[in-house]
Amino acid sequence: MAKINILELLSACKNLAEESGEIITSVFKSGDLNVQMKGEDDPMTQADLLSQQHIIGGLNNLWSDLIIVGEESCEIPKTDKIPSINSLKQYENELEKKQPEFLSLDTKDLIIFIDPLDATREFTNGRVGCVMTLIGISYKGKPIAGVIYQPFVDADGIASKESSKWVGRSVWAVVGLPVVGLKDKRAPEDVGKVILVTTASHNNQQVEDAINKIKPDKLIRTGGAGYKTLMVIENLADVYVFPTVGTKLWDICGPHAILLAINGSLTDPFGNEIVYTNDPKKIDNKYGVVITIGDHQKYINLLNQK
Ligand SMILES: O=P(O)(O)O[C@H]1[C@H](O)[C@@H](O)[C@H](OP(=O)(O)O)[C@@H](O)[C@H]1O
Ligand SMILES: [Mg+2]
Ligand SMILES: [Mg+2]
Ligand SMILES: [Mg+2]
């Protein structure tokens, strides 16, 4: 049975996500997005496709037996890319003390979830600040590591319309290790407020009901499942609620791992844990998601009050 070191796998994912960011920005700059509709309200562009091919092609070159679930249904052409596996080596001693089993994981228990471009709709509309590549690593059904790569931002994650500022930013974590480079971005005037973030473009009665039950001090509607989760991770929002079908496991696995690493929570609206599986019938988060930093149960109770 092949064994995998989580730091080597995450290093490869981070390297590939960062390079997929270059693919995404160059497709955007070319103006030739080649938008195809996979279904009603479900766009895919050339950037989604090339990003997924780059990431899976690179992983396949190192670990041919990895179970990978990518959003797009496409061929994976052979690539010369050999991802870097050593960029997180300095964390090995710390991980050995805290989660020694993560240094030697059975391949059969791992599933990698790839969203090669989250917020495609916003990408096609030029609202690129929400766009990110999401890679999550699950082990025995739970997220244990993940990387988010934002291509259209500066080093602090601030979105810009000027391409000269697109340095890009990775946020990554292994559950059990301290998270590097994250800031608490709560504005002083928002301290003590309840800030709820939800969909900008998939509003429905359940979303409205959830807002009315939580009664936030401040409501933010914006695009991207990854972007909204990152807002919770960076303390720009207390709770992200989307209480209906719409997101898939690849939208949440990577962000969920980062959230867990900072003691946040992600469940369905009834408080049930999400199980990460490659069963295609269970890829939808069919009851929706509730994502918090702080008192998760308080929001679950509010959402389930009669
Ligand atoms: O990777 P894509 O298809 O862009 O992912 C979607 C999500 O599936 C969807 O839930 C999000 O909707 P909202 O923005 O309304 O929350 C969408 O933005 C993308 O993240
Ligand atoms: Mg999509
Ligand atoms: Mg997505
Ligand atoms: Mg996507």
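Modeller: Terms before anything else. Donors are N, O and S atoms within 2.8 Å of the metal (3.2 Å for Na, K and Ca), and water is not among the atoms, so sites may look incomplete. This is a predicted model: local features need pLDDT of at least 70, side-chain atom pairs count only at pLDDT 80 or more, and totals for chains, interfaces and linings use all residues. Residues are numbered from 1 along each chain as its sequence is written, chains are lettered from A and ligands numbered from 1 in the order in which they are written, and side-chain values use heavy atoms, with hydrogens and water left out.

Colleague: Fine. Which residues coordinate the magnesium ion (ligand 3)?

Modeller: D115, D118 and D251, each through OD, at 1.9 to 2.1 Å. Along the chain these donors are spaced D-x2-D-x132-D.

Colleague: How far is ligand 3 from the magnesium ion (ligand 2)?

Modeller: The separation is 5.2 Å.

Colleague: And what coordinates the magnesium ion (ligand 4)?

Modeller: E71 (OE), D115 (OD) and L117 (O), at 2.1 to 2.2 Å. The sequence spacing of those donors reads E-x43-D-x1-L. Ligand 4 lies 3.6 Å from the magnesium ion (ligand 2), and E71 coordinates both.

Colleague: Where do E71 and L117 sit?

Modeller: E71 is in the loop between β4 and α3 (92-98), and L117 is in strand β6, so the pair ties together parts that are 46 residues apart in sequence. Helices (H or I, at least four residues) and strands (E, at least two) are DSSP runs, numbered from the N terminus.

Colleague: New topic. How is the protein divided into domains?

Modeller: Domain 1 is 3-174 and domain 2 is 188-304. Those bounds come from an automatic or database domain assignment. Contact, meaning heavy atoms within 4.5 Å, takes in 35 residues from domain 1 and 27 residues from domain 2. Their C-alpha centres are 21 Å apart.

Colleague: What area is buried between domain 1 and domain 2?

Modeller: About 2200 Å², with 70% of that from carbon and sulfur atoms. Buried area is the accessible area (1.4 Å probe) that two parts lose on being put together, summed over both. In domain 1, F113, P143 and I148 lose the most, together 24% of what that side buries.

Colleague: How many salt bridges between the two domains?

Modeller: The count is 1 salt bridge (a side-chain nitrogen of Lys or Arg within 4 Å of a carboxyl oxygen of Asp or Glu). R169 and E234 pair up in a salt bridge at 3.0 Å, N to O.

Colleague: Which element gives the largest share of domain 1's side?

Modeller: β8, with 8 residues.

Colleague: Last one. How many salt bridges in the count by this rule?

Modeller: 20. One of them joins the side chains of K98 and E94, at 3.2 Å, N to O. Both residues lie in helix α3, 4 residues apart, about one turn of the helix.
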